[in-house]
Amino acid sequence: MVRLEDITERVGGYNSSADLELIRKAYVFSGVVHQGQTRLSGEPYLDHPLEVANILTGLKMDAESVATGLLHDTVEDTHTTIEKIEETFGAEIASLVDGLTKLSRITFDSKEDHEAENFRKMILAMGKDIRVIVIKLADRLHNMRTLAALPQPKRIKIARETLDIYAPLANRLGIGWMKTELEDLAFMYLEPEKYASLDERLLRDSDSRADYINNVKAIIEEKLAGHNISGEVSGRAKHLYSIHKKMREQDVDFENIYDILAFRVIVKTISDCYGVLGVIHSTWKPVPGRFKDFIALPKGNMYQSLHTTVVGPFGLRMEVQIRTEEMHRIAEYGIAAHWKYKEGREIETKDEENFAWLRQLLEWQRDLKDSAEFMESVKVDLFPDEVFVFTPKGAIKEFPFGATTVDFAYGIHTDIGNRCAGARVNGKMVPLRYQLGNGDVVEIITAVNHHPSKDWLGFVATARAKTRIRHWIKTEERGQSIALGRELCDREFGKHGLELGKLIKSGELDRIAKEQFGLQGADSFLASIGYGKVSVMQALGKILPPEKLAANQKVSTFRRVLDRFKPSSGAGAKSGSSPVLVKGVGDVMVRFAKCCNPLPGDKIAGFITHGQGVAVHAVVCANLLQVDKDRLVDVAWDKKEKVTRPVRIEVVSKNEKGLLADMTNAIKAADANIASAEIKSGENNRAICNFEVEVNDLEHLKTIIKSLQKIKKVIKVERAAKGHESGNPA
């Protein structure tokens, strides 16, 4: 167990002027307010803030950060208030604790919205003081270290969140060791069998691997001495999650992962780095395409190093990283190594380039009103496999792997992106969906009358581009919907002796929109009518007494707008064959989106399309993030309707005789019909089988998948989308 004396001794060791009394005061305060509280493991609750503070000392954080680590849960888990923290410890620590407090004062529509909004607030707090996220990461790391005490569902949820958000954040902040530990801990809980298997394999070979590492270290040290280069050499096996990730991406077994070992050489100067590289390449043959110079082109998180992979002794591949002592310090501590943040200062102009990604996060949160969409945007840019390209004037621009010329255009300026009509790369015309490569020189061609297309959402890679494109499309569609709403109201209001123009001018329509429909004003009201969310007759019902409305006119405009989409004889009609109910609407054509192909039992949402009725999506479908939220309608499965739905199942197995027959028998045993099957051979003696089967609901599908998973030599079974409609939610 960590003691207070351990913490103060460490802080005093790296910062002789630190206010150690502040840390002791925070410890006493935390001990008093947490008195009697225990964690699920049975340990005193105070152990947790002590461990968090200790992790922060490992990052050499300032006294205020360490004190906040001791206080970070006091407002959330005790009766203490932020005002009390400020009164006792001052405004700076109160601000840090407030930024870390998990209590939400906002009511959200769903659990997902709640989590997304909490993350959004964390990003906002991070923008005010970067120490907030460093402390938050320390908190998450200790929670992951003690995750075993929680029930399994909660363990899975926290581990998934850690892998999706917190490990990438640690990486973005440049704290390499923390990112590695968070990934391995999350992997251990998310896939315990695979984790245990890999751990056992590495342990089994540990003695021979240690001998190999010592031999290679001795060779490198001898070679460096021969070239009068002073350097510290170390070697290790790569961490478990990185090995697992490589096995998954390359679809190979452990035996076929060749570069498990990594060596690091730390030297005094940059020139020595390149000198060591020459020594390594003259000693062992380099693997083509595996050299990266992050010294000349640092990563966005300030990381600098030379990376190369060579064929070492006995033909084994090994990675070698070469860096200076200062580069290594930044690689270990990342943003926490930056002295400005130790003093809680704001970013100065000369340091802005190092933290451009943080400014982008803050910019996106201002532009995106929907928290789930913000989460998606953040996730995209937290995984930055960088590509470095050049403007025609020679300026270097950094983009994530997979970025296109449209991403480049929006990276220059929003107006350039919105008017992007074409692009030249290295002097040649290329399609807009062309993916950028390292060293490309990119020139954007603009046209005044050219505008963003929904199709662009299907291939752009950066959150900035997606946000700007969606904003333009939403603004454009809103204008069209206001015009349509005005036209519908003009026509229907006129039948009852009302003039829309007068209602708008007098403010009456504005009042009705706000008081009766909870909308922002007249324009929002007209847009809702244009979208079909509100009917003209509903509006008339708020303006005129009921007796003045003729019975034959009490038909919702929304119904009329969709009447032309009625199915002629059954397919999709609610009158007998559609398993989906659309709230507030009858007799409307309903179809299932191919991008997610929802089944009875999936949570679903409806999207009003242009000319094709209501498209039904699974609520987790990524395409729903691209749509105008005003065109979403509530839908639900009609439990009275019993219908079968087609679904695709992908089975990856060993390519052996008789397995196909076993699979078809397993599907038949689960009481399902196979509509079609497609089988092809893959690499490493694998077979990929795609079955389209007819199922009753989600539980039926789970039964089929479990039946297939029981077959020996079957490696993976998963549900696949029926079709591909990327970027097209309609």
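Modeller: A disulfide is a pair of cysteine sulfur atoms within 2.5 Å. This is a predicted model, in which local features need pLDDT of at least 70, side-chain atom pairs count only at pLDDT 80 or more, and totals for chains, interfaces and linings use all residues. Residues are numbered from 1 along each chain as its sequence is written, and side-chain values use heavy atoms, with hydrogens and water left out.

Colleague: How many disulfides does the count come to by this rule?

Modeller: The closest cysteine sulfur to that of C595 belongs to C621, and at 3.6 Å it is too far for a bond. C621 is likewise in no disulfide, its nearest cysteine sulfur being that of C595. The count by this rule is 0.

Colleague: Is C621 buried or exposed?

Modeller: Buried means under 20% relative accessible area, exposed over 50%, and partly exposed in between (1.4 Å probe, protein chains only). The relative accessibility of C621 is 9%, so C621 counts as buried.

Colleague: In which helix is V66 found?

Modeller: Helices (H or I, at least four residues) and strands (E, at least two) are DSSP runs, numbered from the N terminus. V66 lies within the run of residues 63-71, which is helix α4.

Colleague: What distance separates the C-alpha atoms of V66 and I23?

Modeller: Contact means heavy atoms within 4.5 Å. Leaving aside neighbours within four places in sequence, V66 is in contact with several residues, including I7, V11 and I23. V66 and I23 are 43 residues apart along the chain, and their C-alpha atoms are separated by 6.8 Å.
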